[in-house]
Amino acid sequence: MSETINYDCFRGCVKSTTPEGETVCTYREGCCKLGEHNYLKDVGANEYPDIFEVRFKNTRKGFYRNESGQSVRQGDMVVVEAVNGHDLGIVTLEGPLVLRQMKRRRIDPETAEFKKIYRKARQNDVEKWLEATAREQQTMIEARRIAATMGLEMKIGDVEFQGDGTKAIFYYIADGRVDFRQLIKVFAEEFRIKIEMKQIGARQEAGLIGGLGVCGRELCCANYITNFKSISTAAARCQDLSLNPQKLAGQCGKLKCCINYEVATYMDAQSRIPKVSEPLEFKDGLAWLRKTNILAETMYFSYDKNSDENLYPLAAEDVREIIMMNRNGIKPDSLMPEPVSAAPEFVTAAGEDSITRFDSPKKKRHKGRKKPQNEKK
């Protein structure tokens, strides 16, 4: 019997079955969502060596205190405290970087109450955990059918079972408020477990599922984004993006998160670009603004109000000066650049003579009749 290997990117681990039938689960760094690289591992002093980051399914993770007395390291599967029963997770961070992550999440290690790490996971703990997680897909399908039968306007996005198999978290999406009290009773009778309903947004659902964006890279919500900020079409307008819903929407159906990335840069550049509400006045006519390159701070004008055939670029600073000149009744000569006198072309003498002039001349052979040897001169 050969070894069977399954990659679980929802939890960031590799599940394998040895030829002897034993189930082994190991941590695979970089495979899970919202993963961090522990670049401070074993570097410097650790103020809180008993606090570890433990990861569960998808983006759910938390900080736990090791009170088991066992030596816990990154990659170990541990049994941790839960609200009801116990859960099983993977240690993904240790050392000084844990403190940095807690500060980023505004968690004070001195006053916060951390749940406990009971022990390292045993073989029976791993097998029970695998049995519970194997039910998640079928449970989600059945939960969706029950919600649709009851006529609830909600969508079950994902199901996560607790490590001991006694509880499950149902992640759902709903536009408005949903009364799911009766739904919880039906779920409890159908699945024989404790039910926890957790509402998430469309962007959080995309982060749970994962995938690739139109840029070819992993979705930002599944890679590193934890706080989702509101995105409006004003952010697209200030970047001169086409207001096409199909191009601006991501896989979640909402506006792409990356629209907000360069808004500050564009706003800073726009503060140095003057507003042109009227055409610029020149001695040879009026020049109309046709387009603007915001980051280059360049504005393009044309003498034809309705055509982009002949465009002349002007720097934003020059446009501001021309506007002030027009207000004072001064008109510049022309928008068109001054003609530049043609510079004399460079003439090379490399091709005047043939390059073969350096070769030694060859002797010419006479093509006349050969004289007989006995013929007298």
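These are my notebook entries on what I looked up in this predicted model.

**Entry 1. Ground rules and overall make-up**

I worked from a predicted model, in which local features need pLDDT of at least 70, side-chain atom pairs count only at pLDDT 80 or more, and totals for chains, interfaces and linings use all residues. Residues are numbered from 1 along each chain as its sequence is written, and side-chain values use heavy atoms, with hydrogens and water left out.

I looked up the secondary structure and found 10 helices and 15 strands. Helices (H or I, at least four residues) and strands (E, at least two) are DSSP runs, numbered from the N terminus. Of the 377 residues in the protein, 38% are buried. Buried means under 20% relative accessible area, exposed means over 50%, and partly exposed lies in between, with a 1.4 Å probe and protein chains only. I took contact to mean heavy atoms within 4.5 Å. Among contacts between residues at least 6 apart in sequence, 57% join residues at least 24 apart.

**Entry 2. Helix α3**

I checked the length of α3, residues 136-149, first. The expected span is 1.5 Å times one less than the number of residues. For the 14 residues of α3 this gives 20 Å, and the end C-alpha atoms are 20 Å apart, which agrees.

Which residues of α3 are buried? I listed Glu136, Thr139, Met140, Glu142, Ala143, Ile146 and Ala147. As background, an α-helix has 3.6 residues a turn, so residues three or four places apart point the same way. The buried residues of α3 pack against α2 (123-133), β9 (155-161), β10 (167-173) and α4 (181-191). Gly151, which follows α3, has a positive phi near 75°.

**Entry 3. How α3 meets α4**

I then looked up the packing of α3 on α4. Two packed helices are described by the angle between their axes and the distance between the axes. For α3 and α4 the angle is about 140° and the axes are 11 Å apart. Here axes are lines fitted to C-alpha atoms, for helices over the stretch in contact, and angles run from 0 to 180 degrees between N-to-C directions. Angles under 35 degrees count as roughly parallel, over 145 as roughly antiparallel, 65 to 115 as roughly perpendicular and the rest as oblique. The helices α3 and α4 are therefore oblique to each other.

On the α3 side I noted Thr139, Glu142, Ala143, Ile146 and Ala147, which meet Leu183, Val186, Phe187, Glu190 and Phe191 in α4. The residues of this contact divide into seven nonpolar, one polar and two charged. In this grouping Ala, Val, Leu, Ile, Met, Phe, Trp, Tyr, Cys and Pro count as nonpolar, Asp, Glu, Lys and Arg as charged, and the others, Gly among them, as polar.

Glu142 counts as buried at 19% relative accessibility. Leaving aside neighbours within four places in sequence, Glu142 is in contact with Glu190 and Phe191.

**Entry 4. Positive phi values**

Most residues other than glycine have a negative phi, and most peptide bonds are trans. Arg192 lies in the loop between α4 and β11 (194-199). Is Arg192 buried or exposed? At 71% relative accessibility, Arg192 counts as exposed.

Asn58 also has a positive phi, near 55°, and is found in the loop between β4 (51-55) and β5 (61-66). Asn58 is buried, with a relative accessible area of 2%.

Just after α1, Arg106 takes a positive phi of about 60°. Within α1, residues 96-104, I noted Pro96, Leu97, Val98, Leu99, Gln101 and Met102 as buried. Their cover includes β4, β5 and β7 (86-93).

**Entry 5. Single residues**

Leu289 sits in strand β13, residues 285-293, and is partly exposed at 30% relative accessible area. Not counting residues up to four places away in sequence, Leu289 touches Val276, Met299, Tyr300 and Phe301. Leu289 and Ser302 are 13 residues apart in sequence and 6.6 Å apart in space, C-alpha to C-alpha.

Arg177 is in the loop between β10 and α4 and is exposed, with a relative accessible area of 82%. Its C-alpha atom is 9.4 Å from that of Met154, 23 residues away in sequence.

Ala234 is in helix α7, residues 233-237, and counts as partly exposed at 46% relative accessibility. The C-alpha atoms of Ala234 and Val263, 29 residues apart along the chain, are separated by 9.6 Å.
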